Amino acid sequence: MSRQTSRLMTADNLGALLSPLAAATTVGRVTWTTKSHATRQGIIRVDTAIATLAPCRLRMLVNYLKPSEPQVQYLAGDGRTAFSARRLCVNTPHRPFAGTHKHRVEPGGGEEGVYEPDDIPVVPLQPRVSPGTYRAILESFAAECFVAIGADFAWSEPWEG
């Protein structure tokens, strides 16, 4: 269950955001920052045709201690009006799933549906993740959210910068 209570999280807004109607496209490069001593956060701006939901962005969290368990979110809005439209947990168990799964927010009560994806690259549970794996995860997640990768997109690995 989600605790999201954004007034912007309506069925119409969410339906439009997660469809071709949003004309969502990434802008620029992924920007990595240190979120905690072991976690890097990558943010990529997403422009959409839905001005009321701006700013939108894709966010990836990678923990140095659990590199094969990245998390990705598609976020809309800012401050108190922000909400997570979709969320991906790789190799992280939540009942009833033993590993990789996605969360789909439902407008109204703030409930989330959880489902097992078939479009995310398999990431073996290991202390190292092959270069390019995080990018492949992000691009697969973006595709399901109808977010196109922009022509100016630039990728760097979490520990590079």
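Reader: Why is cysteine 89 called buried?

Author: In this predicted model, cysteine 89 has a relative accessibility of 2%. Buried means under 20%, so cysteine 89 counts as buried.

Reader: How do you know whether the sulfur of cysteine 89 is bonded to the closest cysteine sulfur or too far for a bond?

Author: The closest cysteine sulfur belongs to cysteine 145 and is 13 Å away. A disulfide needs the two sulfur atoms within 2.5 Å, so this pair is too far for a bond.

Reader: What about cysteine 56: buried or exposed?

Author: Its relative accessible area is 2%. Because the limit for buried is under 20%, cysteine 56 is buried.

Reader: What makes β7 and β8 edge strands?

Author: The open sheet has eight strands in the order β7-β6-β5-β4-β3-β2-β1-β8, with mixed pairing. β7 (112-115) and β8 (147-148) each have a single partner strand, so one side of each has no neighbour in the sheet. Helix α2 packs on this sheet, where β4 and β8 are among the strands touched, and its direction makes about 30 degrees with that of β4.

Reader: Which residues touch the most other members of the largest nonpolar core?

Author: Met60 and Tyr74, out of 38 residues. α2 (133-144) is one of the elements that give two or more residues to this core, and with five it gives the most. Beyond its sequence neighbours within four places, methionine 60 contacts residues including Tyr134, Ile137 and Leu138. Tyrosine 74 stands opposite arginine 86 in β5.

How values were computed
Residues are numbered from 1 along each chain as its sequence is written. This is a predicted model: local features need pLDDT of at least 70, side-chain atom pairs count only at pLDDT 80 or more; totals for chains, interfaces and linings use all residues. Side-chain values use heavy atoms; hydrogens and water are left out. A nonpolar core is a set of buried Ala, Val, Leu, Ile, Met, Phe, Trp, Tyr and Cys residues joined through side-chain atoms within 4.5 Å. Buried means under 20% relative accessible area, exposed over 50%, partly exposed in between (1.4 Å probe, protein chains only). Helices (H or I, at least four residues) and strands (E, at least two) are DSSP runs, numbered from the N terminus. Contact means heavy atoms within 4.5 Å. Two strands pair if DSSP finds at least two bridges between them. Axes are lines fitted to C-alpha atoms, for helices over the stretch in contact, and angles run from 0 to 180 degrees between N-to-C directions.
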